[in-house]
Amino acid sequence: MPGVFESLQAEIETIQPTRAVGRVAESSRGTFLVRGLAEAALGDRVAAETGAGPLGGEIVQMSSRGAIVLPEDDPEGLGINARVELIGPVTLAPDRSWLGRIVDPLGRPLDGRPLLPGTERTSMNAPPPAPADRRPLGERLSTGVAVFDTLLPLVRGQRIGLFAGSGVGKSSLLAKFARGVAADVVVIGLVGERGRELRDFTDRVLGPAGMARSVVVTATSDQSPLMRRRCALSAMTVAEHFRNQGLHVLLLLDSVTRFAEAHREVALASGEKASLRGYPPSVSHAIMALAERAGPGAGETGDITAVFTVLVAGSDMEEPVADIVRGTLDGHVVLDRKIAERGRYPAIDLLRSVSRSLPEAASSAENGLIADARRVLSAYDRAEMMIQAGLYVSGSDHAIDRSIRLFPVLDGFLAEDAPAGGPEASFVRLRACLGA
Ligand SMILES: Nc1ncnc2c1ncn2[C@@H]1O[C@H](COP(=O)(O)OP(=O)(O)O)[C@@H](O)[C@H]1O
Ligand SMILES: [Mg+2]
C-alpha cells in the first residue's frame, strides 16, 4: 500500500498546469457541441462549468464543427458558451487499499469514507495481453460449490457466462463465488442495479467475509449510460491492476446485458444506427473486447478468472447479447427459473451448461463420473413427464430405473457447498451420490 505522501505526489504529477479550454456552442438531444478543443481525441473526458458545479462528459463524436460530448450527469444548468476543460483519456488509479471498498466507475468512494487513488493511472480501455504471449488455461480451482468443483469445473484464467432471468439467483451465486473461489483478490462490477439492491448485495448477500477481499465497482440504474458503460470497463481495469502485480483475480461482472444496454445508449447518442435487434453493430465488438481483457495473463503477470452474467428473458438464448457472450467465452452456465421455483439453489440447469475447460480439467476417472452424472440426469429429464404422469412402468428401462433412484441424491448434490478438501473431496462426494 503506498503511503499517503506517495499517493498525493502521484496525484499532483497528473495535474496539468495548463489545460485546453473550449466553449459550448450548441446543445441537442442529450449531447452538446464544444468548439475550440483542437487537441481533443475521441473518448477523452471533459469538464464543463455549469451553475450547479462541474459537469463531466466524454467526447463521442468529432467533426470540423467541434467535439460532441455526452454528459456524465444531467446537463441541467449548462449554458451556451460555458467553459469546457479538456481532461484527457479516461483513466483510473486502483490501489490495494481499495480492498473492502465500494467505488464508482471513476474510482470515487461510495461508502462514505475517504479513499486514495494508487500511484499509477491506467487507461480504462487497455488492450488485452497479446494472444501469442498468453498462458493457456491454468489449474482447476477450488470454488466452494460442489457442482463447480466437479461437473462444471472452473480453472484459473477461464471466463464463463452465467445466464439467467431476474430473481433466479445470479447475485447469490456470485456472492458464493466471491467468498469461496480460491483467488487472491475479487473484483465485482455491478452495472445498473437499483441503489437498494446494491446495499442489500454488499451488506447481506456478500457479507463481511466476501467484502474483505473484494473491490466493488458500481454504477446504479439511475446513473447516465456513460457511467454505466464505464462501470464494466472500470471493474476490468481494477482487475488488470491486481493481475499486473502477479495476483490471481476473480472478476465477477453483473451484468454484461446492462453493459451492452449502456453501450447501446452511448452509441446511439454518438450517431450510430441500431441494427442487431435494437443494438448497434458495435455492441459485439464492445462485448468481445471486454471479455478478451479477462483470462490468462502473460509473463510475470497473474490471471483474471471471470464470471459474466447475462440476463435472459425466459430461455431466449438467441437474444443478441446472450448469443455474443456464449460464442466468446470458455463456458456457460444456465440458471433455470423452474428449478429455482422448486427451491433448489443454485438453480443450475446442468444439461444446458458446459465448461470448456473439460476434459483437460479432470482426470479420466473424474471425466467418467461426470459423464455418468450427465447420463443419469439426462435419462431422468427425458422420462420426467412420463414418470410424473404415472405412465412409466418400473422395470421397463434399466437406465430410467437407475435415474429415478439416483435423481434425488444427484439433484441434492447440485445444491451442495463443496466439502473441505476442494475438488478431490467433491469428486469423492459425487462418486458416492452415483453409488459408484
Ligand atoms: N442459495 C439460495 N438459497 C435460498 N434462496 C435463494 C438462493 N439464491 C437465491 N435465492 C432466492 O432467490 C432470490 C433472488 O436471488 P438473487 O440472487 O437476488 O437473484 P438475481 O440476482 O438473479 O436477480 C433471493 O432473494 C432468494 O429468495
Ligand atoms: Mg441480481
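Which residues does Leu252 touch, not counting residues up to four places away in sequence? In this predicted model, the contacts of Leu252 are Leu174, Phe177, Ala178, Val186, Val187, Ile188, Gly189 and Val307. Leu252 belongs to the largest nonpolar core, a set of 58 residues. Together with Val147, Phe148, Leu151, Phe177, Ile188 and Leu430, Leu252 is among the residues that touch the most other members of this core. Helix α10, which spans residues 364-388, supplies the largest share of the core, with 6 residues.

Strand β15 covers residues 331-334. Gly331 and Val333 point to one side of the strand, while His332 and Val334 point to the other; all of these residues are buried. Strand β15 pairs with strand β10 (residues 159-164), the two running parallel and joined by 3 bridges. Within this pairing, Phe163 has Val334 of β15 as its bridge partner. Strand β15 also pairs with strand β16 (residues 354-355), here in the antiparallel sense and over 2 bridges. The bridge partner of Gly331 in β16 is Ser355.

Strand β10 also contains Arg159. With a relative accessible area of 9%, Arg159 counts as buried because this value falls under the 20% limit. The Arg159 side chain reaches the backbone oxygen of Ala291 at 3.0 Å, and a polar contact of 3.4 Å links it to the side chain of Glu292. Apart from neighbours within four places in sequence, the contacts of Arg159 comprise Ala291, Glu292, Ala294, Gly295, Ala306, Phe308, Thr328, Leu329, Asp330 and Gly331. Gly331, in this list, is also a residue of β15.

The final subject is the ligand. Ligand 1 is surrounded by Gly165, Ser166, Gly167, Val168, Gly169, Lys170, Ser171, Ser172 and Tyr345. A backbone N or O atom of Gly167 lies 2.7 Å from an oxygen atom of ligand 1. For Ser171, a polar side-chain atom is placed 2.7 Å from a ligand oxygen atom, and for Tyr345 a polar side-chain atom is placed 3.4 Å from an oxygen atom of ligand 1. Taken alone, ligand 1 exposes 550 Å², of which the protein buries 55%.

How values were computed. Residues numbered from 1 in each chain as written. Chains lettered and ligands numbered in written order. Predicted model: local features only at pLDDT ≥ 70, side-chain atom pairs only at ≥ 80, totals over all residues. Heavy atoms only, no water. Buried < 20%, exposed > 50% of the residue type's maximum accessible area, 1.4 Å probe, protein only. Helix = DSSP H or I, 4+ residues; strand = E, 2+ residues; numbered from the N terminus. Pairing = 2+ DSSP bridges. Core = buried A, V, L, I, M, F, W, Y, C linked by side-chain atoms within 4.5 Å. Contact = heavy atoms within 4.5 Å. Polar contact = N/O pair within 3.5 Å; in protein donor to acceptor, adjacent residues only side chain to side chain. Near = heavy atom within 4 Å. Areas by Shrake-Rupley, 256 points an atom, 1.4 Å probe, with all protein chains shown as cover.
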